[in-house]
Amino acid sequence: MYNKVILIGRTTSEAELRYTKDNKAVAQVTLAVNRPYKSANGEREADFIRLVIWGENAERFSNWIKKGYIVSVDGVLRTRSYDNPQGQRIYVTEVIVNSFVNLTKRDDNQGQGMEQTQGFGDAFGGGFPIDDDLPF
């Protein structure tokens, strides 16, 4: 069996880029992914999924992807836990991103296109409906 996750959603903020003690880049950001249905009161619901990007991809992501951009990510689902300063066990679920594609069109001044990392490509042909009714 293989652990693989592919998500399409909007970034809820700018990516937070940091460097480890070994000078390896790591970025974190949250991706809002619409659910395929509306709630009982007719509102669109979304899941907010934490992404972690390492190395050169982290630097590219933080340079190319801004708040509200539509992004496709390919990665693996990871769970981990740690003890916080109050001694409570905290469980974290996140997607470790292997590659990403910017699906947001550029301004007319910059032309149109998609930035992408190696290994994923334009799997969606560049045009598909995205519901803009996100709760942020």
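Helices here are DSSP runs of H or I with at least four residues, numbered from the N terminus. The views below come from a predicted model.

**View 1. Ser62 in helix 1.** Ser62 has a relative accessible area of 13%, under the 20% cut-off, so the residue counts as buried. Its side chain reaches back to the backbone oxygen of Glu59, at 3.0 Å. Ser62 also touches Ala15 and Leu17, leaving aside residues up to four places away in sequence.

**View 2. The largest nonpolar core, with 18 residues.** Leu51, Ile53, Phe61 and Val73 touch the most other members. Two or more residues come from each of strand 1 (5-11), strand 3, strand 4 (44-54), helix 1 (55-64), strand 5 (70-83) and strand 6 (89-102). Strand 3 gives the most, five residues. Nonpolar side chains tend to be buried together in soluble globular proteins.

**View 3. The surroundings of Ile53.** Residues up to four places away in sequence are not counted here. Ile53 and Phe61 are both among the core members that touch the most others.

**View 4. Asn23 in the loop between strand 2 (16-19) and strand 3 (25-38).** Asn23 is not a glycine, yet its phi is positive, at about 65°. Most residues other than glycine have a negative phi.

Methods:
Residues numbered from 1 in each chain as written. Predicted model: local features only at pLDDT ≥ 70, side-chain atom pairs only at ≥ 80, totals over all residues. Heavy atoms only, no water. Core = buried A, V, L, I, M, F, W, Y, C linked by side-chain atoms within 4.5 Å. Buried < 20%, exposed > 50% of the residue type's maximum accessible area, 1.4 Å probe, protein only. Contact = heavy atoms within 4.5 Å. Polar contact = N/O pair within 3.5 Å; in protein donor to acceptor, adjacent residues only side chain to side chain.
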